[in-house]
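This report looks at salt bridges and at one helix. The model is shown first, and the description follows.

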Amino acid sequence: MEINMNNIAKCVDILADLQADCMLLLDEANMHYLCGFSPSEGAVVVFSNGDAYHLVDSRYTQTAQAHSIDTGLEAFEIQGPIFDHVVDLVTEHSANTLAYEGDTILLSRYEHLQTVLEDICLVSLGNALMLCRNIKEPEEILYMKKANAIAEKAFLELLNHVKPGKTERELAAYFDYLMAQQGSEGISFDTILLTGANTSMPHGVPGDDVVRDGDFVLFDFGATYKGYHSDMTRTVAVGHATDEMKKMYNLVLDAQLAGIKALNAGVACADVYKAAYDVLDAENMAGYFRHGLGHGVGLEIHEGYNASPRSKDVYEVGNVTSVEPGIYIPNKFGIRIEDVCYLSPHGRENLSTITKQLIVL
């Protein structure tokens with residue numbers, strides 16, 4: 001797994017840009033990017049000369065050592081407060097400047113860091129490491145494709161069980177079980193499975209409402225593989241769909257296809273959002289589109305850039321993003337269709353493969 005060794009090199013480049021001697025990572029996703037798994041606690045320290053350490057307690061020692069062969073990190077089991085060991089490493093390397101995760105560090109930990117490293121200059125990483133994470137390596141795409149394949153296989157099996165009388169909660173629980181059965185390390189996020197009028201809540205929580213004939217059922221779901229997430233939304237009809245339901249579904253699908261078509265390296269995220277928005281606006285339905293068009297996906301389900309009207313981000317080769325327009329009519333129904341797309345060096349690739357034509361169960 002050379003990917004993690006390459007990531008140490010990326011951190012060294014960031015340190016050179018920041019004119020810093022070392023980098024301290026405490027965020028779980030950032031640590032995973034270097035160490036190859038997700039420890040709930042610990043630290044990764046990278047120095048400008050390429051020396052890199054993974055500090056763990058005894059719960060993670062064996063795992064860290066097993067990964068160190070591929071990652072290039074030196075696994076180091078700590079005894080006592082973790083920051084004491086950070087101080088020791090910084091002192092041993094005669095470091096004068098330390099870069100920390102300004103976007104995610106807890107205030108209490110930052111204040112502690114200031115205290116124990118009172119003679120060290122602290123500088124924020126800003127979004128430098130996230131910009132690296134946004135540009136996926138081929139191996140990361142393979143992990144994301146595997147996560148997506150797991151989720152899709154579970155979804156297709158779940159459709160056999162979506163029938164009138166089933167509750168949102170029981171179907172959502174069974175969905176999570178099916179993804180685990182197919183090999184998911186864990187769900188990407190709390191599964192959204194809504195029926196009837198509840199589908200008008202973009203991030204509603206599955207409850208005791210039952211599926212009824214003529215309902216839309218909305219599924220927003222994802223699996224994880226080697227720490228990487230998938231994300232997909234599909235909306236299906238049960239029993240039958242009215243002409244209005246079909247018309248609105250196809251409108252959302254047209255908006256999604258327009259957004260995907262506009263998605264290319266060098267294009268502003270806000271312009272991709274507008275491509276989908278304009279399709280809905282032409283039918284006076286844009287007022288029911290209540291969220292951004294998409295977000296970066298990877299080691300976190302939402303990471304990096306986003307496609308919204310206020311976004312200043314620009315897509316580039318290596319990005320992986322969701323494309324997910326929707327309309328939500330209160331007390332009636334909602335529809336969302338979501339794929340995850342990869343901007344490869346050879347062009348745009350849709351990682352999602354499940355049909356987007358309206359399924360009527």
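## Salt bridges and conventions

A salt bridge is counted where a side-chain nitrogen of Lys or Arg lies within 4 Å of a carboxyl oxygen of Asp or Glu, and the structure holds 14 salt bridges. This is a predicted model, in which local features need pLDDT of at least 70 and side-chain atom pairs count only at pLDDT 80 or more, while totals for chains, interfaces and linings use all residues. Residues are numbered from 1 along each chain as its sequence is written, and side-chain values use heavy atoms, with hydrogens and water left out.

## The network around Arg133

Salt bridges link Arg133, Lys136, Glu300 and Glu303 in a network. Between Arg133 and Glu300 the N to O distance is 2.9 Å; Arg133 belongs to helix α6 (residues 128-134) and Glu300 to the loop between β12 (294-295) and β13 (306-307), 167 residues apart. Helices (H or I, at least four residues) and strands (E, at least two) are DSSP runs, numbered from the N terminus.

Arg133 also pairs with Glu303, with the closest N and O atoms 2.7 Å apart. Both Arg133 and Glu303 are buried, where buried means under 20% relative accessible area, exposed over 50%, and partly exposed in between (1.4 Å probe, protein chains only). Glu300, at 26% relative accessibility, counts as partly exposed.

## Helix α7

The 21 residues of helix α7 (residues 138-158) should span 30 Å at 1.5 Å a residue, which agrees with end C-alpha atoms 30 Å apart; the expected span is 1.5 Å times one less than the number of residues. Its buried residues include Tyr143, Met144 and Phe155.

The side chains of Lys145 and Glu349 form a salt bridge (2.7 Å, N to O). Lys145 lies in helix α7 and Glu349 in strand β18 (residues 347-350), so this pair ties together parts 204 residues apart in sequence.
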